[in-house]
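Subject: Handover of a structure and its findings

Dear colleague,

Please find below the structure that I am passing on to you. I would be grateful if you could look through it before reading the notes that come after it.

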Amino acid sequence: MTADVWLPIPPDEIDGLPEGPDYRFWNGGEDFPADPADCAFYVVPYMKPSPLCVRPLGRMSNVRVVQTLSAGIDHVEPGLGRLPAGVRLCNARGVHEASTGELTLALILASLRGIPDFVRAQDRGEWLGGFRPALADKTVLIVGYGSIGEAIEDRLVPFEVARVARVARSERTTARGPVHPLTELPALLPEADVVILSTPLSETTRGLAGADFLSRMKDGALLVNVARGPVVDTKALLAELETGRITAALDVTDPEPLAREHPLWRAPGVLISPHVGGPTSAFLPRAKRLLVDQLNRYVNREPLRNVILTTGASTG
């Protein structure tokens with residue numbers, strides 16, 4: 001049994017790692033820390049480009065687990081076909097909920113209350129008063145009700161919103177209320193004052209917020225994207241923003257990063273943060289806890305958490 005574990009965090013900085021494996025530090029450098037064929041458990045470098053993350057996969061002939069440190073797995077999907085059958089792909093559920101939930105609320109509040117305008121006015125030495133919308137009494141629609149969607153709702157509750165509607169791939173019931181299937185999204189969009197995208201990127205969700213989706217949003221509504229940039233059709237969003245009918249707060253964009261001359265930077269009513277939903281001081285302790293738990297489970301042959309798929313398994 002191959003025993004190498006590749007970690008993007010120096011192993012001597014992670015307390016509680018189980019004995020047995022040979023831990024190798026690799027965070028995307030040009031040189032591999034060892035022969036990829038000896039790697040049994042590969043932890044994908046965080047916030048690195050997809051080509052870099054998948055570069056060793058074709059040589060990992062004995063890998064059994066690929067663990068991301070992100071909630072999404074789209075950056076490793078291009079390399080999954082190079083892996084042998086039976087490899088478990090796990091995501092980082094439980095790591096990013098706090099950070100992404102915080103940023104989502106920050107983007108909503110900053111957009112509604114006009115914080116970017118205040119910052120620009122401060123730079124000019126101008127006292128900019130006026131009447132602004134509150135989050136209180138608004139109807140909020142969360143599209144993508146996984147663990148991050150739940151964390152966002154946790155943080156919405158104290159703000160006295162009128163209603164939270166939830167949408168996911170399939171219908172279910174939670175302690176807080178029903179989760180509607182994607183098929184009901186067209187009927188829910190016109191009722192929402194704030195629409196939050198927190199869905200994974202897949203063939204189903206790519207371009208989900210296109211012209212039809214955006215046209216169904218009510219006048220004055222705010223679109224918040226903390227999912228992936230391609231979930232939104234950028235051209236369709238720009239067309240709506242130019243009319244001033246809706247506004248947007250985007251932590252992710254398509255393309256990403258945005259070129260200096262991209263029109264989205266200058267579109268009216270848009271607030272952009274540079275994909276910072278996950279990388280905060282909350283990330284590292286939660287990522288370490290996840291890795292310690294997963295590796296102890298792996299060494300002790302216990303079921304792993306957050307298994308998204310197994311290579312070579314039927315998806316039917």
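This is a predicted model: local features need pLDDT of at least 70, side-chain atom pairs count only at pLDDT 80 or more; totals for chains, interfaces and linings use all residues.

Residues are numbered from 1 along each chain as its sequence is written, and side-chain values use heavy atoms, with hydrogens and water left out.

Overall form

The protein chain contains eight helices and 14 strands; these are DSSP runs (helices H or I, at least four residues; strands E, at least two), numbered from the N terminus. The C-alpha trace spans about 65 × 45 × 35 Å along its principal axes. For 316 residues, a compact globule would have a radius of gyration near 20 Å, and the 21 Å of the protein chain agrees with this. That radius is taken over C-alpha atoms, and the globule rule is 2.2 Å times the number of residues to the power 0.38. Of the 316 residues, 49% are buried, where buried means under 20% relative accessible area, exposed over 50%, and partly exposed in between (1.4 Å probe, protein chains only).

Nonpolar cores

A nonpolar core is a set of buried Ala, Val, Leu, Ile, Met, Phe, Trp, Tyr and Cys residues joined through side-chain atoms within 4.5 Å. The largest one has 32 residues, and L141, F213, L223 and L237 have the most contacts inside it. Two or more residues come from each of strand 6 (139-143), strand 7 (163-168), helix 5 (185-188), strand 10 (194-197), helix 6 (211-216), helix 7 (234-243) and strand 12 (247-250). Helix 7 gives the most, with four residues. A second, separate core has 24 residues, among them A110, L135, Y145 and V224.

Helix 4 (residues 147-156) is largely enclosed by the rest of the structure, because seven of its 10 residues are buried. These buried residues, including I148, I152 and E153, pack against helix 2 (97-113), strand 6, strand 7 and strand 10. T104 lies in helix 2 and counts as buried, at 0% relative accessibility. Leaving aside neighbours within four places in sequence, T104 is in contact (heavy atoms within 4.5 Å) with I152, I196, V224 and V226.

Strand 14

V307 lies in strand 14 (residues 307-310) and is partly exposed, with a relative accessible area of 37%. The C-alpha atoms of V307 and Q67 are separated by 8.9 Å, although the two residues are 240 apart along the chain. Beyond its neighbours within four places in sequence, V307 is in contact with R88, L89 and C90.

Backbone details

Most residues other than glycine have a negative phi, and most peptide bonds are trans. Here, the peptide bond from D254 to P255 is cis, with omega near 10°, and a cis peptide bond also joins E256 and P257, with omega about -5°. P255 is found in the loop between strand 12 and strand 13 (270-272), and P257 is found in the loop between strand 12 and strand 13.

E160 is not a glycine, yet has a positive phi of about 60°. E160 is found in the loop between helix 4 and strand 7 and counts as exposed, at 58% relative accessibility. H275, again not a glycine, has a positive phi of about 55°. H275 lies in the loop between strand 13 and helix 8 (283-299) and is buried, with a relative accessible area of 19%.

With kind regards
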